[in-house]
Amino acid sequence: MSLEIPQGDGKPSFHRGSFVDEIEHAQKDLVDSLHDSESHNESPSVSSSDGSVPTLSPTQSATPSTPPSEPISPPGDLVADSFAFAFDIDGVLIRGGRAIPEAVEAMKVLNGQNEYGIKIPYIFLTNGGGKSEAERCKDLSKQMEIDISPAQFICGHTPMSEMATKYGTVLVVGGEGEKCRQVAESYGFKDVVTPGDIIKHNSATTPFRKLTPEELANSRERDFSNVTIDAVFVFADSRDWAGDLQIILDVAMSKGGRLGTTSETFDEGPPIYFSHSDVLWSAAHNDPRLGMGALRGIVEYTFKEVTKGKTLTTHAFGKPQIGTFEFATRLLRRWRKNEHNLDSPPETVYFVGDTPESDIRGTNQYNAKAENDWYSILVKTGIYQEGTEPAYKPRNTVNSVLDAVNFGLKREMEKKAAKNTLPLEAFNRASKPRLTDLPNWLLDNSDCAVLSPAEERALTLTA
């Protein structure tokens, strides 16, 4: 945990290591200063402006004996440097578009409203999408009653941004209206096609789906006889499974991504990527609802049926894919450095999710290869059903995200207390050192004590 204590003149102090390091530095500074003070009493060459000899009382600030380093946070803030949190959203923080009450309280704890007075870095890692990260953050900020930055937020399709330079023309599926096209273009994809564009070009493509006047106006006119689709990206949940399924299959069975063509071997189609593979997700309904993973399974099954046994291999981002957790690790590292000036990875990342098949499975699998400890916590506010045995077991199961945050915080404080042999309450008094072992006679019937420099040197500074 990084420590910064305001100086007497209101200027920021500087981080010099762990809590124990700070105490040791403070003790050394005090002893050195007391020694200097005694030396000044013995040396007439050093005096104050009025001719008196300068002295230092135990309550005065000592000058740091080590060169100051760059401050890592605003004055007075304590920032946890050894651990961080990562959160799923649906079923953990939000359910049916509304904030789970305990989630709002959990955010307050993370932002410093806890018994230790420390702020804890955190990011969000959701399989959901269909909007830009900025728009999702705006929605979540309002729901959580805090400011959330896109720099700490990962949608299911966020890692797809790293593929923008790899493919030329791409088909983007899912979401509301033109939002997924806009997101893809913001990622740098140069030529983005939507199912609406294809239906506008040939309305017979989907016999049971007709474009609304708004969709017709927003869809782009083009001649697909000269278009080669290099890849298919399902950015968000489909709003028309039948129509999107038909178009994805047309592209998958084509010769090299050319609509209107059919491969003889059924292995010439472009790659197909899904932003996640959750079959179920937690919505407003009492029971889980079908998600993108169900559509993915239907696409692969239908392809096999239509092609008489050929296998279609699709690819998925999102949880539980290891690549998504690697992406999250890079994002968390940047966020800690830019927001908190912490330039090393945390020892522990607590991942809080509600879905054993994606959140817990992915965290546990990534933990097996990660350099630091990814600790899985399952909450009971989403997919997980009380009394059932999760397919992938978390390291801890709690009732709500607030319980998860409090558990992680307490666990880390106990680890630090054991490592540093300090009582837990010491961390809450980091900026309030006290003097002990005062001679008893000095405190009897007296409001203050006057000590000589020799007596002052015998005092111990403890937390």
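**Helix H9 across the sheet**

Helix H9 (residues 322–340) lies across S3, S7, S8, strand S16 (348–353) and strand S17 (373–379), and runs at about 150 degrees to S7. Helices (H or I, at least four residues) and strands (E, at least two) are DSSP runs numbered from the N terminus. Axes are lines fitted to C-alpha atoms, for helices over the stretch in contact, with angles from 0 to 180 degrees between N-to-C directions.

The model is predicted: local features need pLDDT of at least 70 and side-chain atom pairs pLDDT 80 or more, while totals for chains, interfaces and linings use all residues. Residues are numbered from 1 along each chain as its sequence is written, and side-chain values use heavy atoms, without hydrogens and water.

**The open sheet**

Six strands form an open sheet in the order S8-S7-S3-S16-S17-S18, with parallel pairing. S8 and strand S18 (396–398) stand at the edges with a single partner strand each, so one side of each has no neighbour in the sheet. Strands count as paired if DSSP finds at least two bridges between them.

Buried means under 20% relative accessible area, exposed over 50%, and partly exposed in between (1.4 Å probe, protein chains only).

Strand S3 (residues 83–87) runs parallel to S7 and is joined to S7 by three bridges. Phenylalanine 85 has tyrosine 122 as its bridge partner, and phenylalanine 87 stands opposite phenylalanine 124. Two bridges link S7 to strand S8 (residues 153–154), also in parallel; here leucine 125 stands opposite isoleucine 154.

**Packing of H7 and H8**

Helix H7 (residues 241–252) and helix H8 (residues 292–306) pack at about 50 degrees, their axes 10 Å apart. The two helices are therefore oblique to each other; angles under 35 degrees count as roughly parallel, over 145 as roughly antiparallel, 65 to 115 as roughly perpendicular, and the rest as oblique.

Residues of H7 in contact with H8 include Trp241, Leu245 and Ile248, and those on the H8 side include Leu295, Ile298 and Phe303. Contact means heavy atoms within 4.5 Å.

**Backbone exceptions in loops**

Most residues other than glycine have a negative phi, and most peptide bonds are trans. Lysine 319 and proline 320 are joined by a cis peptide bond, with omega about 10 degrees. Proline 320 sits in the loop between strand S15 (315–316) and H9.

Phenylalanine 266, in the loop between H7 and strand S12 (272–274), has a positive phi of about 60 degrees and is partly exposed at 22% relative accessibility. Lysine 308, in the loop between H8 and S15, has a positive phi near 60 degrees and is exposed, with a relative accessible area of 75%.
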